[in-house]
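Open the model in your viewer and keep the sequence panel beside it. The stops below say what to select and what is to be found there.

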Amino acid sequence: MSIQGHDGVVTLCRYPFVFDAQAKTTLLHTDAVIQMQMAVDQAQMQNFSSMFLPAVESVNPCLILIVRRENIVGDTMEVLRKSKNVDYKKPLKVIFVGEEAVDAGGVRKEFFLLIMKELLDPKYGMFRYYEESRLIWFSNKTFEDIDLFNLIGVICGLAIYNLTIVELNFPVALYKKLLKRKPTLDDLKELMPDVGRSLQHLLDYTEDDLEDIFCLNFT
């Protein structure tokens, strides 16, 4: 969205504070549709060229994920590893092996639901669930390869790009870090209320007998 100013074109999208949440959603949706159409057009042009130039490889205008329910993470990783960045801009189509359902949106939503549930499962050890706050955070004791964390990022990006809502129970601190803002003690309180309150009590205590009262020392 641009307007003509005295010094040239001014792009309003560079000033997100101008828009409310609904307007931002509409802009994101519109941008995704435009980029998808551009990716499809590019694929169709290449396919047209391949009719006359055998050296030009034919390409699919969609990003197709053919996965097995019992190995949804492994199959998805295999397809995405072979895909190029330009493929992520294409409309996503999901096919479950052995099922004839046409992906009109419902299959895609189910795919995101299943794979995110699997990736966030404690068996992978990538995330820790905090019962008190019902939130999750990255585990510092995971043995999983960095590729799995990268896959989660790609899956989240594909979900947003394909206008599918996924449930990610992270605290606000994650989004602050994405925006390069420094988390505060309040963010710790959101994730770990007991620990946050205990630290707040320490900060608020002004007497000299802190070690005796809290049974803590700094050795």
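Start by selecting Asp194, which is partly exposed, with a relative accessible area of 43%; buried means under 20% relative accessible area, exposed over 50%, and partly exposed in between, with a 1.4 Å probe and protein chains only. This is a predicted model, in which local features need pLDDT of at least 70 and side-chain atom pairs count only at pLDDT 80 or more, while totals for chains, interfaces and linings use all residues. Residues are numbered from 1 along each chain as its sequence is written, and side-chain values use heavy atoms, with hydrogens and water left out.

**Salt bridges**

The side chains of Arg197 and Asp194 meet in a salt bridge, 2.5 Å from N to O; a salt bridge is a side-chain nitrogen of Lys or Arg within 4 Å of a carboxyl oxygen of Asp or Glu. Because Arg197 and Asp194 are three residues apart in helix H7 (residues 193-204), about one helical turn separates them. Helices (H or I, at least four residues) and strands (E, at least two) are DSSP runs, numbered from the N terminus. Arg197 is partly exposed, at 42% relative accessibility.

Next, select Lys176 and Asp187. Their side chains form a salt bridge with an N to O distance of 2.9 Å. This pair links distant parts of the chain, with Lys176 in helix H5 and Asp187 in helix H6, eleven residues apart. Is Asp187 buried or exposed? Asp187 is buried, with a relative accessible area of 8%, while Lys176 is partly exposed at 23%.

Then go to Arg69 and Glu110, a salt bridge whose closest N and O atoms are 2.9 Å apart. Here too the pair links distant parts of the chain: Arg69 is in the loop between strand E3 (63-67) and helix H2 (72-82), and Glu110 is in helix H3, 41 residues apart. Arg69 is partly exposed, with a relative accessible area of 37%, and Glu110 is partly exposed, with 30%.

**The whole chain**

Zoom out and colour by secondary structure. How many helices and strands does the chain have? There are eight helices and six strands, and along the sequence they follow the pattern β-β-α-β-α-β-α-β-β-α-α-α-α-α. Of the 219 residues of the chain, 28% count as buried.

**The largest pocket**

Helix H4 (146-161) and H5 each supply at least two residues of the lining, and H4 gives the most, with five. The lining has 13 nonpolar, two polar and no charged residues.

Stay on helix H4 and select Ile155. Ile155 counts as buried, at 0% relative accessibility. Its C-alpha atom is separated by 7.6 Å from that of Phe112, 43 residues apart along the chain.

**Surface and loops**

Select Ile64, Ile66, Ile95 and Val97, which form a nonpolar patch on the surface with about 310 Å² of accessible area together. Such patches are made of residues with over 30% relative accessible area and no salt bridge, nonpolar side chains (Val, Leu, Ile, Met, Phe, Trp, Tyr) being joined within 5 Å and like charges within 9 Å; accessible areas come from the Shrake-Rupley method with a 1.4 Å probe, and for residues only the protein chains shown count as cover. Val97 is in the loop between strand E4 (92-96) and helix H3 (106-119), and is partly exposed at 48%.

Finish with two backbone details. Most residues other than glycine have a negative phi. Arg134, however, has a positive phi, near 60°; Arg134 lies in the loop between strand E5 (127-130) and strand E6 (135-138) and is exposed at 60%. Lys180 also has a positive phi, of about 60°. Lys180 lies in the loop between helix H5 (172-178) and helix H6 (185-191) and is exposed, with a relative accessible area of 79%.

Notes:
Nonpolar A, V, L, I, M, F, W, Y, C, P; charged D, E, K, R; others polar.
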